[in-house]
Amino acid sequence: MRKDDECRAFVKKVIMSRFFKIIMISTVTSNGFFMALWTSYEIRYRLFRLLELSEIFFVSICTSELSMKLYVDPINYWKNGYNVLDVIVMIIMLLPYTVRELMGRQFSYVHIADGMQSLRILKLISYSRGIRTLIIAVGQTVYTVASVLLLLFLLMYIFAILGFCLFGSADKGDHDNWGNLAAAFFTLFSLATVDGWTDLQKQLDNREFALSRAFTIIFILLASFIFLNMFVGVMIMHTEDSIKKFERELMLERQVTLMGEKQVILQRQQEEISRLMHIQENADCKSFSELVENFKKTLHHTDPMVLDDFGTSLPFIDIYFSTLDYQDTTVHKLQELYYEIAHVLGLMLEDLPQEKPQSLEKVEEK
């Protein structure tokens with residue numbers, strides 16, 4: 001057990017907070033903007049002090065972030081690939097200063113270390129779930145894409161040797177495009193991407209090669225329309241799968257958050273119901289309806305109605321049974337009242353004088 005568990009929990013809460021992520025994203029984005037300004041010699045000369053301060057600020061923020069994450073969990077930190085990427089970016093950031101201190105400012109390869117500073121924008125990956133989703137999709141396509149690229153390489157190898165034999169002859173051949181295997185591969189790559197293939201074909205037509213057009217059309221159909229489209233299709237399929245998985249994860253997180261809110265509301269309502277039941281037992285002067293009205297006053301207008309868990313909770317069942325008892329008692333008393341009313345009305349009818357029919361009255365008069 002670490003003695004600084006409370007401090008570590010606080011630092012972890014800070015790192016996982018939305019505000020901290022916004023700060024890091026804003027810092028990396030602003031540094032990328034200043035790096036774009038740094039590429040202009042005129043702006044670099046005018047805003048040299050501002051660019052220098054922004055660089056110091058960016059390095060300080062990234063160093064603090066790395067220190068905080070290592071402080072929270074120094075062992076599991078290295079198990080996350082994005083954390084390792086952040087460490088690599090930190091090493092690249094410190095590389096120019098190290099090279100200048102060790103080799104001097106006139107070191108011939110110091111510009112390479114300066115150019116590698118563009119990789120610091122990769123720190124956005126660890127704070128963007130969308131970018132991570134695309135990276136996962138690319139990672140899932142490695143084996144399939146490797147198979148497609150291997151087939152494309154075999155196809156280019158076959159056509160490169162065939163093109164060298166057909167169009168790279170020593171007498172009238174096209175030595176610039178088909179004179180050796182390397183040149184043939186580069187030419188086939190241009191044909192596969194359909195980049196300037198008409199100029200390449202025109203050079204073959206000028207030398208009057210009979211099979212050049214059939215060779216070009218067949219290779220473009222196989223390489224561009226089949227293999228490259230297959231490559232794009234594989235990428236799209238895995239990207240769609242990753243996006244759907246990402247959407248399912250977001251929906252699951254929303255459901256977990258909603259369930260947490262419902263549990264909080266449910267617990268508060270159950271506590272209020274238990275309190276009302278306790279008040280009802282100790283205070284006979286209050287009616288049940290009055291207690292219910294008091295309970296309604298404790299609810300907020302933003303509280304959703306929790307019906308699935310609330311309807312099966314013990315306090316709700318107790319209240320529901322109490323309500324049914326009140327209803328049964330009320331119905332029983334009403335029935336007794338109706339019986340008494342009917343009995344009284346029957347007695348009143350017996351006391352009233354009975355009227356004789358008119359036919360009997362006429363007979364008595366005669």
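Which residues touch the most other members of the largest nonpolar core? In this predicted model, they are Trp178, Leu188, Leu191 and Phe219, out of 20 residues in that core.

Let's zoom in on leucine 188. Setting aside neighbours within four places in sequence, leucine 188 is in contact with Met156, Phe159 and Ala160, and also with Trp178, Phe215 and Phe219.

Now for helix α2, which runs over residues 18-38. With 21 residues at 1.5 Å a residue, α2 should span 30 Å, and its end C-alpha atoms sit 30 Å apart, so the two agree.

Which way do its side chains face? The buried residues of α2 are Phe20, Met24, Thr27, Val28, Asn31 and Met35. Looking down the axis of α2, these buried residues fall within an arc of 90°, so they line one face of the helix. The spacing makes sense: an α-helix has 3.6 residues a turn, so residues three or four places apart point the same way. Over on the other side of α2, Arg18, Phe19 and Phe33 are exposed.

And what covers the buried residues of α2? The cover includes α1 (5-16) and α4 (48-72).

How values were computed. Residues numbered from 1 in each chain as written. Predicted model: local features only at pLDDT ≥ 70, side-chain atom pairs only at ≥ 80, totals over all residues. Heavy atoms only, no water. Core = buried A, V, L, I, M, F, W, Y, C linked by side-chain atoms within 4.5 Å. Buried < 20%, exposed > 50% of the residue type's maximum accessible area, 1.4 Å probe, protein only. Contact = heavy atoms within 4.5 Å. Helix = DSSP H or I, 4+ residues; strand = E, 2+ residues; numbered from the N terminus. Expected span 1.5 Å × (residues − 1). Arc of directions from axis to C-beta.
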